[in-house]
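Hello,

Here is the structure I promised to pass on. Please open it alongside this note, then read what turned up below.

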Amino acid sequence: MPDKLSKTLSLPSGRQVTVPTGLYINGKFVASADASEKDLDVINPYTEELITTVCAASAKDIDIAVAAARAAFQTTWGKNTPGTERAKLLNRLADLIERDQQELAELESFNSGKPVKFARDADIADTIGCMRYYGEFFTLVTMATIEVNDKSKFAFTRHEPVGVCGQIIPWNYPINMWAWKTAPALAVGCSIVMKPSENTPLTALKLCELIKEAGYPDGVLNCVPSLGNVGGAALASHIGVDKVAFTGSTLTGRKILEASAHSNLKKVSLELGGKSPHLIFESADLEQAAHWAIFGITWNSGQDCTAGSRVYVQASIYDKFIQLLVSKAKEFVVGDPFNEATAGGPLISKVQYDRVWGYIESGKKEGAKVVVGGEKRKSKGFFVDPCVFTDIKPEMKIVKEEIFGPVLSVGKFETEEEAIALANNTTYGLAAGLHSNDASQCLRVSSELQAGTVWINTYNILHNNVPFGGFKQSGIGRELGEYALSEYTIVKAVHWNFGEKLDWPL
């Protein structure tokens, strides 16, 4: 256990930041209730050095956090707090995050390796927008009155908070995924037990200080960093949890569904993996298509479930497009996350670094051709430079499996029908993209692509008011937009008789 429940860190910018290192339960930072639970090491992926250790939650801690969330839901939160007050708190929280935006961005970068400028101007800016969007949730949730008999009765519906929510978020977008999960849940009145990734717990713990400062009642949001097979498994199987929201691998998503079935049939939403296709047709603006294709695989160093990791190019423009793609990949700057010129940082961990390099070596072994990248750096840091493969075949591992790194497989097609078939030849269905200046083709192809999000002449751009989620084995349910509110509410139908009399006996 850490000597104290906080640690002052010296960031590369010279900024000093004090970070909580305890569990956040019922409005307080506390040590684990289980003295035998081993602390979590938090590593800087740029230097490969230990940043600090934080308390790891045990199954007993999960029980305590769930009990705190339940007590809050039944007393100071849920239907006991007016929606106007919940909206006010969300907007206040957004203001506090905006106030601390630079500090949070630097802490996020220090822990995750992503460039500070993108943590600040993309992830956290979007987080602030997400909070404010759901702070206006009154315009999104509506009751319906339903005609059944105008002279004697009517019915209406209520959208009520589902209750205590277990939320399990990944390491690739720690603050952003925190917002996507917490904002709609808090807007409708759910209480939360949040389990951040064991790799990136620091900003989730720091945000708990802002939850307290914003004025949320104790127990409304609890934060329990832990290993997935401890805290995540405990939440998924907990009889006192009414809903689990998870972002992560398809394998873990299956386990969560199974745990729900074996416990209390809790509501589950899953945002899982992807192997997203990106189609380049001959009518496209090739320069722009090359920009978006490289952006689609290098954003967040390829650690993105929507990464456009399979690019298919029409044969008539293939050679020209490959030349453009290679030149754009070479221009992508990978380096120090605290340098404003850096576009990509290191991967999150040694485990992920080894995994990605394993795929690169597999691609070489199976006969794919490396046209850029594919060589290891000799310096410290879990770096993988953009790697582009051509001469691919559908059965290759680099084509079939999610890599979660900046590794791109490029193939070719002759016809529109062949492009669609290649794109849909995957067990995943999270996202897809296409580039074409033929409007009819854009409509035809986008309607045939089996993916929850389809981008036309763009890629990897999301908006807080547009739903996001997958087809096939990429998930269940939706994040963002009005659709996310339905993931945290249950619909009650109320039948009101004001005129019909029941004769008795029947």
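Two strands count as paired if DSSP finds at least two bridges between them. Note that this is a predicted model.

**The sheet**

With that rule, three strands form an open sheet in the order β7-β8-β22, and the pairing is antiparallel. β7 (145–149) and β22 stand at the edges. Each has a single partner strand, so one side of each lacks a neighbour in the sheet. From one strand to the next, the twist averages 25°. Nine bridges join β8 and β22 in the antiparallel sense.

**Aromatic rings**

A pair of aromatic rings is described by the distance of the centres and the angle of the planes. The count here comes to 16 aromatic pairs. In one of them, the ring centres of F154 and F156 are 6.0 Å apart. Their planes stand at 35°, so the pair is tilted. F154 is partly exposed, at 28% relative accessible area. F156 has 16% relative accessibility and counts as buried, because buried means under 20%.

F154 also pairs with F498. Here the centres are 6.4 Å apart and the planes meet at 50°, so this pair is tilted. The pair links distant parts of the chain, 344 residues apart. F154 belongs to strand β8 (residues 153–161), while F498 falls in the segment after β22 (489–497). F498 is partly exposed, with a relative accessible area of 46%.

**Charges over rings**

Two lysines are worth a look. The charged end of K397 sits over the ring of Y359, at 5.2 Å from the ring centre. K412 lies over the face of Y318, and there the distance to the ring centre is 4.3 Å.

**H238**

Where is H238 found? It is in the loop between α7 (228–237) and β12 (243–247). Is H238 buried or exposed? Its relative accessibility is 14%, so H238 counts as buried. The side chain of H238 makes a polar contact of 2.8 Å with the side chain of D63. Leaving out residues up to four places away in sequence, H238 touches I62, D63, V66, N264 and K266.

Best wishes

How values were computed: Residues numbered from 1 in each chain as written. Predicted model: local features only at pLDDT ≥ 70, side-chain atom pairs only at ≥ 80, totals over all residues. Heavy atoms only, no water. Helix = DSSP H or I, 4+ residues; strand = E, 2+ residues; numbered from the N terminus. Buried < 20%, exposed > 50% of the residue type's maximum accessible area, 1.4 Å probe, protein only. Polar contact = N/O pair within 3.5 Å; in protein donor to acceptor, adjacent residues only side chain to side chain. Contact = heavy atoms within 4.5 Å. Phe/Tyr/Trp six-rings, centres within 6.5 Å; stacked < 30°, edge-to-face > 60°. Lys NZ or Arg CZ within 6 Å of the ring centre and 35° of its normal. Axes fitted to C-alpha atoms, helices over the stretch in contact; angles between N-to-C directions.
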